[in-house]
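Welcome! Here is a short briefing to read alongside the sequence and the 3D view, so please keep both open as you go.

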Amino acid sequence: PALVWNVLALVVLAGLLLPLFYVLPPHSVSVGAVIPGAVLTAVGWVLLRIGFGFYVRYAGSYVTYGFLGGVLLFVSFLYLAALVLLAGAAVNVVLER
């Protein structure tokens with residue numbers, strides 16, 4: 001069941017990221033040119049979600065800081081998710097040239 005949910009999340013994320021990578025560049029790009037970056041970003045986000053879940057479950061030291069520890073974990077997750085998004089965009093730029 002977990003594998004099915006991860007594959008479903010991968011497909012949905014790639015479908016949601018495709019218009020983002022298609023519309024945001026300042027020049028016209030084809031849909032086929034943005035598929036690698038969208039798929040890479042979706043795979044990265046699914047792996048990040050799984051890996052960050054393991055970190056939160058087994059690290060446990062953030063409990064010491066209470067609410068602020070949770071906020072720091074959330075901000076760290078957003079930072080890493082943004083890096084994965086930028087990596088997907090960079091892949092599209094490199095493959096376009």
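Helices here are DSSP runs of H or I with at least four residues, numbered from the N terminus. With that in hand, note that this is a predicted model.

**Helix 1 and helix 2**

- Helix 1 covers residues 2-23 and helix 2 covers residues 31-59; their axes lie 7 Å apart, and the two pack at an angle of about 135°.
- That angle makes helix 1 oblique to helix 2, because only angles over 145 degrees count as roughly antiparallel and 65 to 115 as roughly perpendicular.
- The crossing of helix 1 past helix 2 is right-handed.
- On the helix 1 side, the contact is made by Asn-6, Ala-9, Leu-10, Leu-13, Ala-14, Leu-17, Leu-18, Phe-21 and Tyr-22.
- Helix 2 brings residues including Val-31, Gly-37, Thr-41, Trp-45, Arg-49 and Ile-50 to this contact.
- Sorted by class, the contact of helix 1 with helix 2 has 17 nonpolar, three polar and one charged residues.

**Helix 1 and helix 3**

- Helix 3 spans 67-96.
- The axes of helix 1 and helix 3 cross at roughly 55° and come within 12 Å, which means that helix 1 is oblique to helix 3.
- Here too you can look for a right-handed crossing, as helix 1 passes helix 3.
- Leu-17, Leu-20 and Phe-21 of helix 1 meet Leu-85, Gly-88, Ala-89 and Asn-92 of helix 3 in this contact.
- The contact of helix 1 with helix 3 has five nonpolar and two polar residues, with no charged ones.

**Helix 2 and helix 3**

- The axes of helix 2 and helix 3 come within 8 Å and cross at roughly 155°.
- Helix 2 and helix 3 are therefore roughly antiparallel to each other, since angles over 145 degrees fall in that group.
- Helix 2 passes helix 3 in a right-handed crossing.
- In the contact of helix 2 with helix 3, 19 residues are nonpolar, six are polar and one is charged.

**The largest pocket**

- The largest pocket holds about 210 Å³ of space.
- Its lining is made up of 14 residues, and those nearest the centre of the pocket are Phe-21, Pro-25, Ala-89, Asn-92 and Val-93.
- Which helices supply at least two residues each to the lining of the largest pocket? Helix 1, helix 2 and helix 3 each do.
- Helix 3 gives the largest share of that lining, with five residues.
- By class, the lining of the largest pocket divides into 11 nonpolar, two polar and one charged residues.

Key
Residues are numbered from 1 along each chain as its sequence is written. This is a predicted model: local features need pLDDT of at least 70, side-chain atom pairs count only at pLDDT 80 or more; totals for chains, interfaces and linings use all residues. Side-chain values use heavy atoms; hydrogens and water are left out. Axes are lines fitted to C-alpha atoms, for helices over the stretch in contact, and angles run from 0 to 180 degrees between N-to-C directions. Angles under 35 degrees count as roughly parallel, over 145 as roughly antiparallel, 65 to 115 as roughly perpendicular and the rest as oblique. A crossing is left-handed if the near helix is turned anticlockwise from the far one by less than a right angle, and right-handed if clockwise. Contact means heavy atoms within 4.5 Å. Ala, Val, Leu, Ile, Met, Phe, Trp, Tyr, Cys and Pro count as nonpolar, Asp, Glu, Lys and Arg as charged, and the others, Gly among them, as polar. On a 1 Å grid over the protein atoms alone, a cavity is a set of points where a 1.4 Å probe fits but cannot get out, and a pocket is an open set with protein on both sides within 12 Å along at least five of seven lines; lining residues have an atom within 4 Å of a point. Grid points are joined across faces, edges and corners, and a volume is the space filled by probe spheres set on the points.
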